[in-house]
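Look at the sequence and the model below. The text that follows goes through some side-chain pairs, then the surface, then the chain as a whole.

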Amino acid sequence: MSATPAAKRKSFVRIVGASLIGTTIEWYDFFLYTSAAALVFNKLFFPTADPLTGTLLAFTTYAIGFLARPIGGLVFGHFGDKVGRKKLLVLSLLLMGGATFAMGLLPTYAAIGAAAPILLTLLRLVQGFALGGEWGGAVLIVSEHGDDRRRGFWASWPQCGAPGGNLLATAVLAVLASTQSDEAFLSWGWRVPFLLSGVLVVIGLWIRLTVTESPVFVAAQAKADATEKHVPVVEVFRHGWRRVLITIGARMAENVSYYVITAFILVYVTTGLGMDRTVGLNAVLIGSAVHFLTIPVWGALSDRIGRRPVYLIGAVGVAVWSFAFFALLDTRSAGLAIVAATVGLVLHGAMYGPQAAFFSEQFPTRYRYTGLSIGGQLSSIAAGAVAPLIATALYQRFDSTLPVALYVVAMSAITAVAVLSARETRGASLHDTVPAAPRQTAPVV
């Protein structure tokens with residue numbers, strides 16, 4: 001006896017919720033390191049006379065985590081396309097949570113010397129490996145359960161895990177920073193949010209274990225020839241290399257703008273403008289809350305007018321706003337810092353909202369997890385990994401934020417070219433072996 005429409009909808013909402021909570025926890029772990037690198041790791045693990053140099057060293061280990069993400073995407077994508085999405089999502093959560101919890105137990109440079117940053121770097125590599133496999137599986141488990149007409153909206157919810165995780169990480173750090181002295185925060189307070197990850201992982205696992213496997217994957221497996229040798233990574237580079245390049249290019253502006261807004265802002269506000277760290281933390285905190293709420297709005301809009309137009313709004317928007325962003329910060333007004341971060345993140349959401357559906361629709365089921373993960377995570381090296389490093393280095397070299405804004409503009413140009421090179425996929429069926437042409441139907445209400 002088949003399930004009723006109400007039961008199917010309830011099951012699907014549970015899948016969306018499980019994916020959102022899982023990605024929120026994963027991103028909490030990953031972004032916690034980003035904030036800590038800007039605020040405390042430069043002092044505890046890379047103590048130097050020059051604050052900006054210490055920050056650059058801390059961001060270098062931050063970037064190393066990105067190097068492991070394509071490897072994680074390749075490994076998780078391969079097995080995700082072979083054995084299913086669900087099992088790999090559970091494994092990624094365990095790896096990420098375990099590494100983050102261990103960071104909270106690490107001795108600092110003052111206690112064990114050079115071994116401290118080495119251990120920190122190794123754990124960061126584990127984080128990157130886990131996140132590299134997490135993102136593709138999380139967006140696919142929702143995209144492949146949902147319907148074609150509203151995929152942009154539903155698939156945008158796992159994307160909310162990024163601002164959700166950043167919101168959670170920044171909130172915990174902001175509360176600790178505002179309720180503790182600098183000495184207490186540097187001594188032990190910074191460890192609390194890392195240890196909290198252990199509790200969050202238990203909650204995330206309990207929720208993720210209730211998720212059912214993707215029906216698109218199950219259907220593809222049922223039709224597959226059991227005697228055929230299936231190597232997803234080979235198929236990606238043989239048949240889907242152009243789609244991988246589009247995915248990489250489309251993420252350049254999205255990645256760079258996000259880390260400039262959420263990570264470099266902490267460096268610039270404290271080291272460049274000499275303001276209290278809570279100004280930057282609160283700006284990111286409020287901006288992330290608004291970001292969380294607007295991502296599904298952009299996803300829904302992509303169901304109405306298409307993925308490409310919405311994505312281009314975001315790419316052009318962050319390019320223009322990058323100049324206003326620093327101008328507002330330079331006023332040294334806490335209120336205008338909030339405006340700078342919030343508007344920037346809303347514009348970023350125009351790229352991030354439709355991204356899950358747009359990228360999922362680029363690849364056939366046989367190597368969708370692999371293609372999505374490789375393209376998405378290779379771009380993380382070229383964009384997200386180096387964004388705080390490049391932004392900090394540019395500011396240190398020129399003593400001006402204008403080169404940083406021009407850096408965002410250049411990445412936006414690359415993204416615009418990539419998106420214009422892709423064909424519109426709104427309404428495409430994920431059961432197709434190749435991306436379907438967009439349906440010429442009336443917009444979804």
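R251 and E254 join their side chains in a salt bridge, with 3.1 Å from N to O. A salt bridge here is a side-chain nitrogen of Lys or Arg within 4 Å of a carboxyl oxygen of Asp or Glu. The two residues are about one helical turn from each other, because they are three residues apart in helix 12. Helices in this text are DSSP runs (H or I, at least four residues; strands are E, at least two), numbered from the N terminus. Both R251 and E254 are buried; buried means under 20% relative accessible area, exposed over 50%, and partly exposed in between (1.4 Å probe, protein chains only).

The model is predicted: local features need pLDDT of at least 70 and side-chain atom pairs count only at pLDDT 80 or more, while totals for chains, interfaces and linings use all residues. Residues are numbered from 1 along each chain as its sequence is written, and side-chain values use heavy atoms, with hydrogens and water left out.

How many salt bridges does the structure hold? The count is nine. One of them is formed by E144 and R368, whose closest N and O atoms are 2.9 Å apart. E144 is in the loop between helix 5 and helix 6 (151-159), and R368 is in helix 16 (residues 368-385), so this pair ties together parts that are 224 residues apart in sequence. Both E144 and R368 are buried. In another salt bridge, R151 meets E361 at 2.8 Å, N to O. This pair ties together parts that are 210 residues apart in sequence, because R151 lies in helix 6 and E361 in the loop between helix 15 and helix 16. R151 counts as buried at 2% relative accessibility, and E361 counts as buried at 2%. R151 and E361 also belong to a network of salt bridges that links them with D148, D303 and R307.

Aromatic rings are the next topic. A pair of aromatic rings is described by the distance of the centres and the angle of the planes. Rings of Phe, Tyr and Trp (its six-membered ring) pair if their centres lie within 6.5 Å; planes under 30 degrees apart count as stacked, over 60 as edge-to-face and the rest as tilted. By this rule there are 17 aromatic pairs. In one of them, the ring centres of F264 and F326 are 6.1 Å apart and the planes are at 75 degrees, so the pair is edge-to-face. F264 belongs to helix 12 (residues 241-272) and F326 to helix 14 (residues 307-329), so the pair ties together parts that are 62 residues apart in sequence. F264 is buried, with a relative accessible area of 0%, and F326 is buried as well, at 3%.

Y311 and F359 make a tilted pair, with 6.4 Å centre to centre and 35 degrees between the planes. Y311 is in helix 14 and F359 in helix 15 (residues 334-360), so this pair ties together parts that are 48 residues apart in sequence. Y311 is buried at 0% relative accessible area, and F359 counts as buried at 1%.

Which residues form a nonpolar patch on the surface? They are I71, L74, V75, F79 and V83, with about 390 Å² of accessible area together. Patches are made of residues with over 30% relative accessible area and no salt bridge; like charges are joined within 9 Å, nonpolar side chains (Val, Leu, Ile, Met, Phe, Trp, Tyr) within 5 Å. Accessible areas come from the Shrake-Rupley method with a 1.4 Å probe, and for residues only the protein chains shown count as cover. V75 is in helix 2 (residues 51-83) and is partly exposed, at 33% relative accessible area.

Now the whole chain. It has 18 helices and zero strands. Of its 445 residues, 60% count as buried. Its accessible surface comes to about 16,300 Å², and 71% of this belongs to carbon and sulfur atoms.
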